[in-house]
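Here are my notes on the model you sent over.

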Amino acid sequence: MQGRKKVVVIGGGPAGLMAAGQASEQGADVILLEKNHRPARKLRITGKGRCNLTNTAPLTEFITNYGKNGRFLRSAFSRFFSTELLEFFDKLGVKTESERGGRIFPVSNQAQDVVDSLVTWAKNNGVEIRTNAAVKRIKIGEENALSVIVSDPERNNPTYELNADAVILAVGGTSYPSTGSTGDGYRIAAELGHTIIPVRPALVPLRTAGETAQKLQGLSLKNIEVLVYIENQLADRAFGEMLFTHFGISGPIILTLSRSIVDALLENKRVSIGIDLKPALDQEKLDARLRRDLDEYGRRTFKHILAGLLPRKLIEVCIDQVSIPADKPGHQITSEERERLRCWLKDFRLEITEPMPISTALVTAGGIHLKEINPKTMESRLIPDVFFAGEILDLDGDTGGYNLQAAFSTGWVAGNAAAAKLLSPPSP
Ligand SMILES: Cc1cc2nc3c(=O)[nH]c(=O)nc-3n(C[C@H](O)[C@H](O)[C@H](O)COP(=O)(O)OP(=O)(O)OC[C@H]3O[C@@H](n4cnc5c(N)ncnc54)[C@H](O)[C@@H]3O)c2cc1C
């Protein structure tokens, strides 16, 4: 009698764990190979340790959060989307709730609960989770027989070969390599003949020119609008919160805008951002407000008046950039000077020099070319019985739970499709 069909899943992140548990639930024998001594290290630190699992956005809007490649996910999402993901975790005992921007977190605020429930579920389904198992390559033998070459980094890397009826490659991207996502998958897939779209940082902080950001280090601006200019043309904009750091800028809207900025920088284009510090006031209303302030507090110094308009840390930078003496009384400020101040408040410019290194990015953009993958099954169009899931794909989403939903949905599809293919009776 033939033994049970074996699915080997490579990578114990959200995509790999979901794929493994699903394939096992369908009746396949599943071994999950994870190179760290425990799975899901990255998942454990998501959402600042709180794990932003997914988002309440409806499907059409959800897909727009992955840029132009989002369409690829339509099929996976039509079968396993946020509702199904939340039901799945609910059954595992992880209750969730939504927050600002539709972000969904576990009620316990513990990413660890998500990891534990997922690992327990996979094990209870019969998945053998083999840790300290670093996959070096996928081998295609005679008559397309599949096997994987594994080494044990804890024991001087002795290698062994594991036969498989199907392989799911879910080793993630190359950001935060200390979590285990060191980009091995790109080499493994390229060796099989897959095209790799060049990887680059996504959701990444940015370096800025000059000393301005350093002077503002630690300052967080809320309810502001950031406009992105590529070669001085308005290219993107976002409203929300940003942060100044010792190297430049970060925070939610900067991470979101980094996708278009990184691509432009890679094409050697000039990129700057303009911060609208008063987005609730149009130019006219802002001018009226400035006139009122300068009138009402005419005897106070410019510096003093600014305290009512700006956070403390921004005052020095503003004085410097609008070239109005700090001790000039309000009633002596000329209309040209007031105009300069108004323009600056609506368009505080910073030039972007480069993204921070990919190791500090939340997500890796680029990866396995989507044209070479069947979106309904996640199976390779080049090598039968090899499937892909998660961040290794040429997909990256915005902040807000989009990357984990993509990992879970593609993992769900790959696990079910691999098992279904192996377990369906051969056609007569
Ligand atoms: C700090 C941080 C916070 C984040 N917060 C959020 C958030 O709140 N919400 C959200 O949606 N997204 C978030 N993300 C993004 C999200 O974590 C990833 O997109 C997601 O983890 C990708 O899942 P994955 O399973 O594809 O890959 P990974 O989670 O990277 O898992 C891949 C696994 O494969 C293993 N592996 C690698 N190479 C090999 C090999 N050769 N052999 C065997 N195993 C191997 C790795 O050790 C790892 O365990 C965050 C990312 C970071 C870095």
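**Notes on the predicted model**

1. N132 has a relative accessible area of 16%, so it counts as buried, the cut-off being under 20%. Bear in mind as you read on that this is a predicted model. N132 sits in the loop that links β6 (128-130) to β7. Its backbone is worth a look too: phi of N132 is positive, near 50°, and the residue is not a glycine.

2. N144, in the loop between β7 and β8 (146-151), has a positive phi of about 60° although it is no glycine either. Then there is C51, which follows α2 and has a positive phi near 65°.

3. Now the overall picture. The protein has 428 residues, and 54% of them count as buried. Its secondary structure comes to 14 helices and 19 strands. Along the principal axes, the C-alpha atoms fill a box of roughly 95 × 40 × 40 Å. The accessible surface is about 19400 Å², with 48% of that belonging to carbon and sulfur atoms. If you take the contacts between residues at least 6 apart in sequence, 71% of them join residues at least 24 apart.

4. How is the chain divided into domains? The assignment gives domain 1 as 6-200 + 365-423, and domain 2 as 205-355. Eight residues from domain 1 and seven residues from domain 2 take part in the contact between them. The C-alpha centres of the two domains lie 41 Å apart.

5. On to the ligand. There are 34 residues around it, and the ones that come nearest are E34, S181, D184, E391 and L404. By residue type, the shell divides into 15 nonpolar, 14 polar and five charged.

6. P14 brings a polar backbone atom, 3.3 Å from a ligand oxygen atom. G401 also uses its backbone, with an N or O atom lying 3.5 Å from an oxygen atom of the ligand. The protein covers 95% of the 1000 Å² of accessible area that the ligand has on its own. Elements giving two or more residues to the shell are α1 (14-25), α2 (41-49), β7 (134-140) and α14.

7. A111 counts as buried because its relative accessibility is 0%. Leaving out residues up to four places away in sequence, A111 touches L43, R44, T46, G49, R50 and C51. A111 and L43 are 68 residues apart in sequence, yet their C-alpha atoms are 6.9 Å apart in space.

8. Q405 is one to check in α14, the helix that runs over residues 402-423. Is Q405 buried or exposed? It counts as buried, because its relative accessibility is 0%. Beyond residues up to four places away in sequence, Q405 touches L53, T54, F62, Y66, F77, F80, F81, S82 and L85.

9. Last, a strand residue. V167 lies in β10 (residues 166-169), and at 0% relative accessibility V167 counts as buried. Setting aside neighbours within four places in sequence, V167 is in contact with V8, I10, I138, L146, V148, D385, V386 and F387.

Definitions and conventions: Residues numbered from 1 in each chain as written. Predicted model: local features only at pLDDT ≥ 70, side-chain atom pairs only at ≥ 80, totals over all residues. Heavy atoms only, no water. Helix = DSSP H or I, 4+ residues; strand = E, 2+ residues; numbered from the N terminus. Buried < 20%, exposed > 50% of the residue type's maximum accessible area, 1.4 Å probe, protein only. Contact = heavy atoms within 4.5 Å. Near = heavy atom within 4 Å. Polar contact = N/O pair within 3.5 Å; in protein donor to acceptor, adjacent residues only side chain to side chain. Areas by Shrake-Rupley, 256 points an atom, 1.4 Å probe, with all protein chains shown as cover. Nonpolar A, V, L, I, M, F, W, Y, C, P; charged D, E, K, R; others polar. Domains from an automatic or database assignment.
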